[in-house]
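Hello,

Here is the structure I promised to pass on to you. Have a look at it first, and then read on for what turned up.

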Amino acid sequence: MVFAYIRNMEQLLQQIEAMKAEIAATVATTPEQVEQFRIKYLGTKGLVKEIMGEMKNVPNEQKKEFGQILNAFKMMAEEKMQQLQSALGDSDEQSAKFDFTLPGDPVAVGTRHPLNLVRNQMVSIFKRLGFAVAEGPEVEDDWHNFGAMNLPEDHPARDMQDTFYVQEASENNAAWLLRTHTSSVQARVMETQKPPIRVICPGRVYRNETISARAHCFFHQVEGLYIDENVSFADLKQTLYFFVQEMFGKDVKVRFRPSYFPFTEPSAEMDISCQICAGKGCNICKHTGWVEILGSGMVHPKVLENFGIDPEKYTGFAFGMGVERIAQLKYQVNDLRLYSQNDLRFLEQFKSV
Ligand code: PHE
């Protein structure tokens, strides 16, 4: 082949020098050109191999010196090969070197917050009964939160809800506050819509309470309002009974206890059989087998009048419940603080829900 004519060492050395110059001058801009270089010099039938084969013709006394020359030549060819490859990698031929079979880096996927999961489920149950979702501001005026709901200033029932005031009432200005219940949204709906009215009001509410496992300075409610002709307490009971059966299953038991709210008359609180101990008695139900989940009642005629709705013609029911409480019974969360601490160890448990 190429070296067949080589007669003496001189010629061989010249040949190597010529190839070195050629290697140094090689440029490759495509993977194909790099591959051609590899085949020509480093392949199994390449020039490096072939010239190595010349060793056997080298006289013994020159073998050591010539061996070093050959090795240097081989290394030069290999280094050039690497250079060509990495130069290619820097160019837009990157994909030629990219291993598409490598597994990708895992992407951390977030989870829905348990309160959102439960709120969504509550909303979807009431939507099936024809309730629409209404929303309103969290910073509210005194009238929508209290006055319109039959809680005039100095009414003792205001003590039921310790309030965060943003601005106290003055001669010319009403007080501004963080809403203590989403009944304020009911007020805004009655202000703008005519019966029949059928809405639920999900949202965050605020109360001035010391934070503990059982109380928080903010929590979430879903309140409901239904006003039409001939709406009765039986409608209220059936609606809420349907809700808890959908939420907790057909085996859930309910009971109504008479209660007091200024904006409803009569008023009732509803208990369900404890979903944690199945009514046997535990810490959550304080060993009674029952847990209170909501307040409700027939809309007070004065509230209807406040919004120009004729209480002789229309009646309605209203209810309000805490999302945290429902979530607690569904997921057995026994500390309210967990909901707002953003601890991934807590939140990740709702991945598959
Ligand atoms: N607004 C009441 C509360 O926050 C709940 C409620 C709503 C009660 C509607 C009766 C009727 O405690």
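Predicted model: local features only at pLDDT ≥ 70, side-chain atom pairs only at ≥ 80, totals over all residues.

Strand S8 covers residues 264-273 and strand S9 covers residues 290-299, and the two pair in the antiparallel sense over eight bridges. Both belong to an open sheet of seven strands with mixed pairing, in the order S1-S5-S6-S10-S9-S8-S7. At the edges of this sheet are strand S1 (132-133) and strand S7 (254-261), each of which pairs on one side only.

Helix H7 (residues 183-192) lies across strand S5 (197-206), strand S6 (218-228) and strand S10 (315-322), and it runs at about 35° to S6.

Now to a pair of helices. Helix H5 (residues 114-128) packs against helix H8 (residues 233-248) at an angle of about 135°, and their axes are 10 Å apart. Because of that angle, H5 is oblique to H8. The crossing of the two, H5 and H8, is right-handed.

Which residues make the contact? From H5 they are Val118, Gln121, Met122, Ile125, Phe126 and Arg128, and from H8 they are Thr239, Phe242, Phe243, Glu246 and Met247. Sorted by class, the contact of H5 with H8 has seven nonpolar residues, along with two polar and two charged ones.

Enjoy exploring it, and write back whenever you like.

Best wishes

How values were computed:
Residues numbered from 1 in each chain as written. Heavy atoms only, no water. Axes fitted to C-alpha atoms, helices over the stretch in contact; angles between N-to-C directions. Helix = DSSP H or I, 4+ residues; strand = E, 2+ residues; numbered from the N terminus. Parallel < 35°, antiparallel > 145°, perpendicular 65-115°, else oblique. Left-handed = near helix turned anticlockwise from the far one by under 90°. Contact = heavy atoms within 4.5 Å. Nonpolar A, V, L, I, M, F, W, Y, C, P; charged D, E, K, R; others polar. Pairing = 2+ DSSP bridges.
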